[in-house]
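This report concerns selected strand pairings and charged side-chain contacts. The structure is shown first.

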Amino acid sequence: MAVTVHTAPRDRSTVRRDEFAVLARLVTEASCHRDAAVELTGDPGTGKTRLLTLLARRAHEEGVLVLRGLSVEAEQAAPFRPFIEALGSLRSPDGIVLPQAAGLVRALAAPPDDPGAEADGSGRLTRQCQYFAEIRRLITACVAQAPHGLLLLLDDFHWADSCSVQLMEMLVRWPVGGGLAIVVAHRPRQAPLALRVAFQHGVELGSVEQLALPALTRCQSAELLGVRADAPGLEQLYEESAGNPLYLTELAANRPLPADGAAPGDDAGIAPAGRAELSTRLLAECALLSPPERLAAHAAAVLGSPFDVDSVATVAGTDRDEVCRMLTILCGRDLVRTDPGTGGLTFRHPLVRRFLYYTQSDSCWRTGAHRRALRHLRALGAAPVELAPHIVGSGNEGEAADAADLVAAVRSALALGHTEQAAGWLSCALGLLRAHGPATGAPEGLAGDPLHGHELWLQVVRALAADGDAARAGALSREILAALTAVPAANSARTAGELAVVQGALGHAEEGQALIAAAVDGLCGDDPARLVALRCQSQLVRMLSGPLPNRADIDALSRFVSHADPVTAAGIRALQALSAVFADDLGTAEDRLDAAAELFDALDPDEPTATSCVAYLTVLICAESAMGWYGPAQAHGSRALAEARLRGEVHLLPILLSVLAYTAYQAGRTAEGLDHAQQAARAARAAGRHDLAAFSEAVSAAAWTSLGRTASEGPRQPSAVNGLPRATAAVLLLAEVELAAGDGEAVLSLLLPEGAHRIPQPTAVYAARVYELLAAAAVMTGGDAELWADRAQEAANAVNLVEQQGHALLARGHALRARCLPDEATRLYERAHALLGESAVGLRAGELARAGARGRSGRDAVALDELTLREREVAELAGKGLKTRDIAGRLLVSPRTVDAHLTRIYSKLGVNTRAALVRLLADAS
C-alpha cells in the first residue's frame with residue numbers, strides 16, 4: 001500500500017531555485033526604493049502561482065509590503081479588477097485604510113468614459129490621458145506609504161481586461177519610482193497581443209526582465225516527488241509529464257514510486273496528491289465553454305490525439321465550418337494545440353484529453369461517438385491500432401467482424417511493447433466472440449480458434465507475466481479459457497496447461513493449479529496423453545512457484561510415462577530427479593537425471609518443442625546444479641535460455657537466469673555468473689518475484705567477493721529467500737560472503753538457529769558445505785571446529801560427491817588450523833584445490849593453500865636464520881639429497897658430526913625427517 005507524502009505544494013521550498021533567486025532580487029530592489037518588473041511566463045501547471053506565494057512570504061519576512069491581485073476569466077470582466085483586488089488590501093501598519101489607497105480604488109472602480117476604449121476625438125483622448133495621469137499619481141502616493149518598498153503580484157494576467165492591460169503598459173513605460181516592484185504572471189499562449197507588446201517594449205527599455213519557466217529537469221522531478229533520481233518508473237513519469245510539475249504529480253498519484261531510500265520491493269512509497277488540483281483547474285478552464293465548443297472538445301477527446309477538423313465534425317455530427325470555428329476557439333484557450341509532428345491538432349496534454357473524455361462527456365453519447373469514429377476511420381483505411389480504441393469504446397454496439405481488427409491491433413501492440421494495451425484489446429476481442437461467435441470471413445484460424453492461433457493469447461499472457469502484472473495475467477487467463485468452450489477439449493486442456501505454467505512462474509501456484517483442475521474436469525478419458533501432461537504440469541507449477549511438490553505425488557507420475565509425449569516424459573524424470581535430490585535419495589536422483597537428459601537430448605532440435613519444454617529443462621538444470629553437475633547444467637541451461645528467448649517465454653527468465661547464475665558461479669565462471677545474476681535480478685523484480693531477485697543478489701554478492709570487490713548493493717539477510725529449495729544455496733552464498741569479510745558471528749547467525757548448538761540435518765547435497773562453513777566460523781569465534789569437521793566428513797561420505805568431499809577436506813583443514821597445525825592444514829587445502837579444480841570452492845581452497853604456504857615460508861625463513869653457518873651448509877647438502885657419508889666427505893668431517901648437526905637442525909626447524917627438511921628448504925627458496 002502506497003503512503004501519501006506531502007511534497008512541494010505544501011512546504012516552504014521550491015525545486016525552481018534559480019528562478020526563485022531571480023524573483024527574490026525584486027524584494028531587495030523594492031526595499032532599496034528602486035522600481036523593478038518581471039514578466040513571469042509558463043504553461044498551465046508549471047508553478048507560477050507557487051513561486052509568487054513563496055516570493056510574497058520572503059517579502060513579508062523582509063518587511064516589504066505585498067499586494068496580490070488575480071485576474072479571472074469572465075464574460076464581462078470588471079475594468080481594473082486585478083489592480084482593485086490588490087490595492088484594496090493596502091493598509092497602514094496599524095490596519096487603517098490609507099486615504100491614497102481608498103482614492104485609488106475609487107478611481108479605478110469608476111473610470112470615466114471607459115479609458116480603455118479607443119479615443120475617437122480630442123476630448124476623449126484628453127480625458128483618458130488625464131485619468132491615467134491621476135492614477136499614476138495615486139499609485140505613487142501609495143508606494144510612498146510603504147517605508148520598505150511595495151511588491152505588486154498579479155497572477156493569471158492573460159485573463160486581464162483591456163483597462164488593466166493599458167494600465168500595466170503605462171507602469172512598464174513610465175515607472176512610478178520609490179520602490180514599486182511588479183511581478184506579472186501569465187500564460188504566453190493565451191496572453192493578449194497588447195500585453196505581450198507592452199512587456200516586449202519594457203524589455204527594450206530595460207524596465208522589465210522576462211522569466212520563462214522551463215520544464216523541470218529529471219533531478220528536479222525526483223526532488224518534487226521525494227524519490228531517488230534513479231527510482232524505477234521515474235523516467236517514464238518524467239517523459240509523460242514533459243517536466244510539468246502539475247502533470248507529474250497527477251501521473252504519480254496513480255503510479256506510486258519507491259520513496260527516497262526505499263528498496264524497489266518496499267511498501268513505502270509516495271502517491272502525491274494531484275488529481276483534485278488538476279480537476280479543479282480544468283473545470284475552471286472549461287466552465288465558460290459554449291455548448292458547440294464543448295461538443296467539439298468532447299468529439300476530439302473521443303478521437304484522441306492527433307485529430308483533424310473533418311474527423312471531429314463526423315464524430316460530433318455537426319457542420320464542418322462550425323467545428324472549425326470551435327476548434328479555433330479551443331486553440332485560443334490553449335486546450336488544443338497544433339501538433340508540430342503531424343500538422344494535425346492535439347490536446348495540450350493527454351491528461352487534458354482524459355479529463356474531457358471521462359469527466360465532461362456522457363457515457364452513452366461516447367458509445368455512439370466511438371462507433372461513428374470507427375466507421376469514419378475504417379473508411380479512411382486507418383491501421384488496426386487506430387481502430388481498436390473505438391471498437392473497445394463502442395461497448396455493446398461492437399460487432400463480430402470487429403474482432404479481426406482487434407486481433408491485428410493486439411499483434412501490433414505486442415510488437416511495440418504495449419503489453420497492457422494488447423491485453424485490453426484481446427479481452428475485448430474475447431468478449432465480442434463470446435457474444436457474437438466467430439465472424440464470417442474471419443482471418444485464418446479465427447473461425448476455428450477464437451484467439452486467432454495458439455500463439456497470440458500465449459504471447460499476451462507471457463508478456464503480462466514478464467511485466468509482473470499477475471492480476472491482469474490471471475484475469476485474462478480465465479477469459480481465454482471461457483472463450484474456448486467452442487473448441488475441442490484437448491485444445492482447451494493445452495491452453496490451460498500453458499496458462500498454468502505462466503501462473504507458476506509468477507509464483508501463483510494455486511491460481512495455476514485451479515486452471516489445470518478445471519481443464520482436467522472437462523477432459524474426456526480417451527485422451528490419456530493430454531491428461532498425463534496436465535498432471536505433470538500441475539507438479540511443475542508448484543515447483544516453479546517456489547516450494548517443492550510432494551515426492552509421492554511426483555513418483556505417482558511414473559505409471560503414466562508410457563502414455564506421455566516425449567517432452568512430458570522427460571519432464572516427469574526431471575521432476576522426480578529434483579524431488580529425489582532434496583529427499584536425500586541421490587542414487588535415484590542420478591538415475592532420473594540420466595534418463596531425463598537422454599530424453600531431452602533425443603528431441604529433434606529442428607522440430608518446434610512441445611508444451612513446457614523450457615520449463616522442464618529448468619527443472620533439470622536445478623537438479624543437476626544441486627548435485628554439482630555444473631557442466632551438464634550449463635549445457636542444458638544454454639539450450640533452455642536460447643529456446644526461452646526464441647519462443648518468447650520471458651516469464652521463465654527470472655528462475656532460469658538465477659539458476660544459470662548460480663551454476664556459472666559455482667563452476668568458477670565468475671564473470672558469466674555475475675552477468676546472469678544481474679539480468680536475473682532485473683527480470684525477477686519486473687515480474688514481481690522478489691524471492692528470485694534476492695537469490696540472484698546473493699549470487700552477485702558472492703561473485704563480487706570472489707573477485708575481491710564488494711557489491712554496491714547486496715542482500716545481508718536471508719529472510720527474503722526462505723521457502724524455496726534454492727534458499728539453502730542462497731544462505732550458503734551469503735555465509736561465504738560473510739566468511740570472506742572475516743565475520744564469523746554473521747556466519748553462525750545465518751546457519752545456526754538462535755541460541756542453538758546443533759542444527760537439523762541439512763539437505764544431503766549441501767550438508768558438507770554447511771559444516772565446512774561452520775568449521776571456518778568456529779576458527780574465527782573460538783568454537784569447536786573439530787566437531788563440524790567430523791560432521792562434514794560424515795556428510796561427504798554419505799553422498800560420495802566430489803564437491804562435498806572437497807568441503808570435507810576444507811573443514812578438516814580449518815580444524816587443524818584451529819589446533820595450530822598450519823602446515824597440515826595447508827596440505828589439506830592443497831588436496832582440496834587439486835580435487836575441485838577451478839570451481840568456486842576450488843578457488844577458495846587454492847587461496848587458503850597459498851595463504852598457508854606464504855605463512856609457512858615466512859616461518860621457515862625465520863627458522864633458517866637461526867642455523868649456524870655449518871648447520872646451514874649441512875642442511876643445504878641434505879636438501880640436495882646427499883647422504884650422511886657424502887656430506888661428511890664434502891665438509892671433511894666425520895659422519896657422527898654430520899648426524900649431530902642434523903639432530904640440531906631438525907630441532908630448530910621443527911621437522912623430524914630428511915624428506916620434511918627437503919620440502920621445507922624447497923618452500924623457503
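**Strand E3 and its neighbours**

Leucine 150 stands opposite leucine 180 in strand E4. The model is a predicted one. Strand E4 (residues 180-186) runs parallel to E3, and 5 bridges join the two. E3 also pairs with strand E2 (residues 65-70) in the parallel sense, over 6 bridges. In that pairing, leucine 153 in E3 has arginine 68 opposite.

Strand E3 spans residues 150-155 and is mostly covered, with 6 of its 6 residues buried. Leu150, Leu152 and Leu154 point one way from E3, while Leu151, Leu153 and Asp155 point the other way.

**Salt bridges**

The whole structure contains 41 salt bridges. One of them joins the side chains of arginine 81 and glutamate 85, at 3.0 Å from N to O. These residues are separated by about one helical turn, because they lie 4 residues apart in helix H3 (residues 81-87). Arginine 81 is partly exposed, at 33% relative accessibility, and glutamate 85 is likewise partly exposed, at 37%.

The side chains of glutamate 235 and arginine 218 meet in a salt bridge of 2.9 Å (N to O). This pair links distant parts of the chain, 17 residues apart: glutamate 235 belongs to helix H9 (residues 234-241) and arginine 218 to helix H8 (residues 218-225).

A network of salt bridges links Asp43, Arg189, Asp334 and Arg337.

**A negative surface patch**

Glu590, Asp591, Asp594 and Glu598 form a negative surface patch. Glutamate 598 lies in helix H27 (residues 586-602). Its relative accessibility is 60%, so glutamate 598 counts as exposed.

Terms used: Residues numbered from 1 in each chain as written. Predicted model: local features only at pLDDT ≥ 70, side-chain atom pairs only at ≥ 80, totals over all residues. Heavy atoms only, no water. Patch = residues over 30% accessible without salt bridge, like charges linked within 9 Å, V, L, I, M, F, W, Y side chains within 5 Å. Areas by Shrake-Rupley, 256 points an atom, 1.4 Å probe, with all protein chains shown as cover. Salt bridge = Lys/Arg side-chain N within 4 Å of Asp/Glu carboxyl O. Lys, Arg positive; Asp, Glu negative; His and termini not counted. Charge placed at Lys NZ, Arg CZ, Asp CG, Glu CD. Buried < 20%, exposed > 50% of the residue type's maximum accessible area, 1.4 Å probe, protein only. Pairing = 2+ DSSP bridges.
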